[in-house]
Amino acid sequence: MRQWRSLLQSLICKWKSYRHRFVPWVALNLSRNRRTMRYVQDSHCDKLVPDTEVHTALVKLFRAIFLQNLPSQNELLRMLPEATKSIYRPRFTHDHQSKNRSESHVTLEAGEILHSTLGFCIDRAPSYLDSAGIGVFVSKGHVQKGAVVSMYPGTVYQQYEPIFFQSIGNPFVFRCIDGIFIDGNDKGISKSVYRSCSGRDQLGPLKMCDASWLSAFPQNPLAVGQYVNNCSNERAANVCYQEFDVPEYFPVELRQYLPNINYSHDSQGPLRCVVLIALRDIDCGEELFSNYFTIVQ
């Protein structure tokens, strides 16, 4: 009896100590392959780069996407404060006089915008790992250590919010260190919930999130992080997850490119996002691999 109690306490301790879990059975597999886990001393140490660097990288990319779409943003620009309008007015005047770009052209250019701003492109393709399905690859350029290389999209659930039915048979539920969940599934009930929440929070032309990650051509090319596969003994992790709370001063016109939204309209506090940070330099042609399990010691 004492042995069973000790085993149960050990499993509970492991369950509470690791950070990222996508399916419940991983708690029973933690001791089987310790080489594929990531360890941090405590929750405060689990930041590879400062949040200010994450903020800077996202704003740089999103502003470039916004400028590319500027001819279609006329109604939105009228709603923005004068100080914000002044940032875009010279470019808008120039683009308004030229031939409008088509929507399909903008979609096809998303990867090129990523390359021109952050220095690389990422794309989904069959994984190098057997039976791993789709993975994410650096398809162009070079990723430097510490760079934001991808984002984990999805609906954000607080600990007390219902996610049971969405999680059934769903391997894309990401658990943050504080118990917040992000459902990154782009199919089924998860897809329906995200679309519903995104429509709920839209204010006229002002969108508060990006639902295009649910399609094959996301306008935010970073929003494919849910397809990054777990590392193995043969292929070590080259990226890691980092939580990022969107600050109040994040440009309102750029929130339309955030691939996350709160499940509840009245959720308190900043929007939780999760980005993937490069653990080392990553060359063109390499697949991204993460640690699905982070142990907080």
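Reply: Let us begin with a term: two strands pair if DSSP finds at least two bridges between them. Please keep in mind throughout that this is a predicted model. As a case of such pairing, strand 6 and strand 7, the latter covering residues 181-183, are joined in the antiparallel sense over three bridges, and Phe174 stands opposite Ile182 of strand 7.

Me: In what order do the four strands of that open sheet lie, and which are the edge strands?

Reply: In general, the strands of a sheet pair through backbone hydrogen bonds, in either a parallel or an antiparallel way. Here the order is 6-7-5-10, with mixed pairing in an open sheet. The edges are strand 6 (173-175) and strand 10 (260-262), each of which pairs on one side only. Neighbouring strands in this sheet are turned by 25 degrees against each other on average, if direction is ignored.

Me: Which helix packs on this sheet?

Reply: Helix 8, residues 188-201, packs there and touches strand 5 (154-157), strand 7 and strand 10, while its direction makes about 75 degrees with that of strand 10.

Me: How should I read the sheet with the order 4-11-9?

Reply: Three strands form this open sheet, and their pairing is antiparallel. Strand 4 (148-152) and strand 9 (239-245) are the edge strands, each pairing on one side only, and neighbouring strands are turned by 35 degrees against each other on average, direction ignored. Strand 9 pairs with strand 11 (residues 272-278) over seven bridges in the antiparallel sense, and within this pairing Glu243 has Val274 of strand 11 as its bridge partner. Helix 2 (residues 51-68) packs on the sheet, where it touches strand 4, strand 9 and strand 11, and its direction makes about 90 degrees with that of strand 9.

Me: How many disulfides does a search of the whole structure find?

Reply: The idea is to look for a pair of cysteine sulfur atoms within 2.5 Å, and the search finds zero disulfides.

Me: Is Cys176 buried or exposed?

Reply: Cys176 is buried, because its relative accessible area is 0%, and Cys197 is also buried, with 5%.

Notes:
Residues numbered from 1 in each chain as written. Predicted model: local features only at pLDDT ≥ 70, side-chain atom pairs only at ≥ 80, totals over all residues. Heavy atoms only, no water. Helix = DSSP H or I, 4+ residues; strand = E, 2+ residues; numbered from the N terminus. Axes fitted to C-alpha atoms, helices over the stretch in contact; angles between N-to-C directions. Contact = heavy atoms within 4.5 Å. Buried < 20%, exposed > 50% of the residue type's maximum accessible area, 1.4 Å probe, protein only.
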